[in-house]
Each structure stands twice: as structure tokens, then as C-alpha cells.
Amino acid sequence: MSTGTSLGAPAPPAAPSEAFDAASGAAEAAVALPPRAERAARAEAVADRLRTAAVEAVAVTWVDNAGIARVKAVPLAGLRHAAEWGVGAAPCFDVFLADDGITTSPLIGGPVGDLRLYPDLDRVVPLAAQPGWAWAPGERYTQDGTPHPGCQRLFARRAEAAAASRGLSLKAGIEVEWVAALDGPPEEPPRYPTHGPAYGMHRLTDLSDYLRDVLRALGEQGLTVLQIHPEYSPGQFEVSVAPEGPVAAADTSVLIRHTIRAVSARYGLRVSFAPVVEVDGVGNGGHLHLSLWREGRNLGHGGPGPHGLTAEAEGFLTGVLGELPALLALGCSSPAGYLRLVPQHWSGAFHCWGLENREAALRLVTGTTGERASAANAEVKCFDASANPYLAVGGVIAAGLAGLAEGRRLPPEFTGDPAAAEPGAVPRLPTRPAEALAAYEASPVLREALGEPLFQAVASVRRAEAQQYEAAGAEELVAATRWRY
């Protein structure tokens, strides 16, 4: 049996901090629309570049509170108008469920009103696997040009600006796992194009052309792939890319999924990013790696704290650890995710932290000797691929800044397998959607950071989906969500 230091009770969630209040001016400036003339000129320049790449249309996406990417597309000739005036998008999208049902929220949603969806022109990229198309992440504003309080990407940008106002920056990356299956009726169980062993070269050989084209498409779109490999479950693979700023990392995770889906379609494959594809399988994680930096120095290395953490990095990670039960409402969107979040699946089901501990919800990674100053980071393992990545990164930043502001310290590290510890020695994270929702609704940190409209909209979607599948068995739940992500 593995042994480890007794964890004790995790630190309580942080109280509301002034991190977001103190940065409100900088944060609001960061999400303000540039002048219309500037947007028009920028759009013309982008359109000229896209024309040379034979692009004919631009898909502008946003990710809703259920974790589903939604889209509006414009012909290339209409990009300038979209940049100047936005594209119509109804507020009800904030209360869409994963199955396209619609719930209600106290402050957002309903049939009345309209928003404007604006493409981020700095992130427009031709899609290598969809000739003639380009992609851009979108942000939503009201008709008078003020930021929509329910826009998830704007929330992530405000969180990033709040960190910057304290002289801090973050590098982040989201691992993308997916299951490739032979195309067929969605109601049937998946059939796989390879039956090679987990992590086996057998799988890579079977699908070498397919995986090569995934790599090629990602590279043509300007992404730096660090590795790609078969994963544990049947037909499962994973790709990871170089770290970026938090909002950019969230954008990239969306772009990677679009790209994998497009390449897969060319090979007659159906793709699932769902947290669970088959009952009792390990499922698809959406692990978030991040590191905290100040003036070019990685604060996760060279400090006096555990494993070289500086006081700032330790405070930040303590805030994240304390808020993890509530953060599950952002990082584990689907009720099916709780079928994945179980012991001894490397899913981070236990509310603890540890150095290179893949069973801990918060895994500390120091990196290899010689590169630790650049490589040291932390991994939030309990998030899955149903999460809205903008909510996930924004929520983690908010929790971290709250812990940092209070100068908090980590509880004792757990160094063994939490599942092998004495019963109750290491607490589990919430095991049901309702438990995570209760922790979320009790979190003043997330309420303050998200703002009441977005906070309530997320809660409404989580509550509706928890009730929707409350009586469903595991097989029914997995079948209902398998192809929605």
C-alpha cells in the first residue's frame, strides 16, 4: 500500500477578495470594443490576407454554459460588417442545455432581446482541414456596445486582466483527449477503427495517416504540437500544444477540437470529446496546466515553499485547491463527467494535492532537472472535456488570485494513492452534479468574479441538466451525451 502525509481537511474556500474589484478599471478597459473605424480597417486587412488563402467564409464561434461550441458564419465579403456591427445572437443561448433544450435564468435568457457577436480579428485563422473556411472566436456585446455580462470569453479576459493588474501573467495549456469511432448511427454503441492496446504503437500504426493529417492541420494553423499519442481507452488519443496565455489557451482548445473533428470526417470517423464514451471507461479529460509568472520569472520554481514554490505561487494554488469543489461546476460541465471522476482512473477524484500525483485533483509538476525554471507548472486534473474552457480558466484564475491575496499556504501534501489511504483520510471531490452545484452556489469568490448574470446562468444550466438526468442510469446518461461533445 502506498503511504503519504496525512492531508487533513482541505483549506476552506477563500472569502471574496478585492482582486477583481481593484482591477475593475483595467479589466473593463481590456474588454471594451475598439473604435468602429479601427475594427473596420483591421477587418479589411484580415480579409485581404484570407483572400490569398482562398478563404470564402469565416466561422465565428462561442462556447455556451453547457460546454457546446455554437457558431454563426459570414461570407468573407461580410467580415468587415461583422467587425463593425457584430452578428446577431439571441441571449437565450446562455441557457441552452447540451441536448439543445432551453432552461431559464433570473437575469439572462428568454425570447426577448438581442446581442451582437464580434469576431476576434487577432485570432482569425484559415482552417487547414476545411478548405475555403476560416475560424475566429467570438465575443458578445449588447446592442449599445457594452460587454455582455454573460459572455464567457470576456469573463476569461477580465480574469487575465485582473492578474495583469497585479503584475502577474499566466501560461496555460489544456490537454485535448478524444475518441475516434467508425461513423454510424448515433444511437448505436461506438465501433473503433483500431483495437490496439492502450498507449500502443499498434494504434499509431493503424491510424498513422489520420494522425499525421491531424498534426499537419494543427501545424498549418500556427499551433506548436508538443506530443500526440494513443491514450488508455479504445480508440482514444491525446494531443498537447505549447502553453499560451489563458484566453489564448482556451481559444486553442476550441480550435483543436474543430480541427480534429474536420480531419476525422475526411476519414469517415466520428469523434467524441465527451467525458465518458463507454460506461466504466476512463473517459476524456480536459486537464488544465498553468504556471504563474512575474517579470519573466516562473513563480513555481526557486522559492522557499513546497517543491520550490514561491509564496505567491503557493497562495495562488491554495486558492485553487480550496475552490475545487465549486470549480467543478465550471470544469466538469456534464452530469456524465461524474462517471469519469472516480478513484484509480487518474481523473483527480480526490480533494488533495501532490507532486506528480495523478490521483490528486491538483498535481504539481516541477519538470526535469535543468528546465524547471521554465517547465514547472500545476495541473488541474479533475476537469473534463465537457467544460467551457473560458469558464474553466477564468474560474481558476479568480480562485487563485483570491488565495494569493490572502497569502494562504497549502495543506500537507498527499504522496501516495488516495484510494489506498484509510477511509475518510482524503476527502473526495463532489461525486454528483448536485454536490458540485451546491459548492458553486456557496462560493463568494466565483460569484464575485463571474458577476451575478453569468453566475446565475451557469447555475441554471447545471441545475436543469442535473434534474434532467437525475433518474438516468449510467448507460442512458452516457448514450445521451456521447456525441454531444
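These are my notebook entries on what I looked up in this predicted model.

**Entry 1: ground rules**

I number residues from 1 along each chain as its sequence is written, and my side-chain values use heavy atoms, with hydrogens and water left out. Since the model is predicted, local features need pLDDT of at least 70 and side-chain atom pairs count only at pLDDT 80 or more, while totals for chains, interfaces and linings use all residues.

**Entry 2: confidence**

I checked pLDDT, the predictor's confidence in each residue, from 0 to 100. Its mean over the protein chain is 93, and 95% of the residues reach 70 or more. Where does pLDDT stay under 50? That happens over residues 1–11. For this stretch the model has 28 contacts beyond four places in sequence, a contact being heavy atoms within 4.5 Å.

**Entry 3: salt bridges**

Side chains of opposite charge can pair when their charged atoms come close. My rule for a salt bridge is a side-chain nitrogen of Lys or Arg within 4 Å of a carboxyl oxygen of Asp or Glu. How many salt bridges does this rule give? The count is 27.

I looked up Asp100 and Arg70, whose side chains form a salt bridge at 2.9 Å, N to O. Asp100 sits in the loop between strand E3 (87–89) and strand E4 (115–119), and Arg70 is in strand E2 (residues 69–75), so this pair ties together parts 30 residues apart in sequence. Helices (H or I, at least four residues) and strands (E, at least two) are DSSP runs, numbered from the N terminus.

Buried or exposed? I use relative accessible area here: under 20% is buried, over 50% is exposed, and partly exposed is in between (1.4 Å probe, protein chains only). Asp100 is partly exposed at 38%, and Arg70 is buried at 12%.

Next I took Asp120 and Arg153, where the closest N and O atoms of the salt bridge are 2.9 Å apart. This pair links distant parts of the chain, 33 residues apart: Asp120 is in the loop between E4 and strand E5 (125–126), and Arg153 is in helix H5 (residues 152–164). Asp120 is buried at 19%, and Arg153 is buried at 4%.

My next pair was Glu312 and Arg294, with a salt bridge of 2.6 Å, N to O. Glu312 belongs to helix H9 (residues 311–331) and Arg294 to strand E12 (residues 288–294), so the pair ties together parts 18 residues apart in sequence. Glu312 is partly exposed at 24%, and Arg294 is partly exposed at 25%.

**Entry 4: aromatic pairs**

A pair of aromatic rings is described by the distance of the centres and the angle of the planes. Rings of Phe, Tyr and Trp (its six-membered ring) pair if their centres lie within 6.5 Å; planes under 30 degrees apart count as stacked, over 60 as edge-to-face and the rest as tilted. My search of the whole structure finds 7 aromatic pairs.

Phe93 and Phe96 make a tilted pair, 4.9 Å centre to centre with 40 degrees between the planes. Phe93 is buried at 17%, and so is Phe96 at 11%. Ring pairs link Trp62, Phe93 and Phe96 into a cluster.

Tyr210 and Tyr267 form an edge-to-face pair, 5.6 Å centre to centre and 70 degrees between the planes. They sit 57 residues apart, with Tyr210 in helix H7 and Tyr267 in the loop between H8 and E11. Tyr210 is buried at 2%, whereas Tyr267 is partly exposed at 33%.

**Entry 5: helix H7**

Which residues of H7 are buried? They are Tyr210, Leu211, Asp213, Val214, Ala217 and Leu218. They cover an arc of only 160 degrees around the axis, which puts them on the same side of H7; the arc is that of the directions from the helix axis to the C-beta atoms. They pack against several elements, including strand E8 (176–182), helix H6 (201–206) and helix H8 (246–266). Just after H7, Gly222 takes a positive phi of about 85 degrees.
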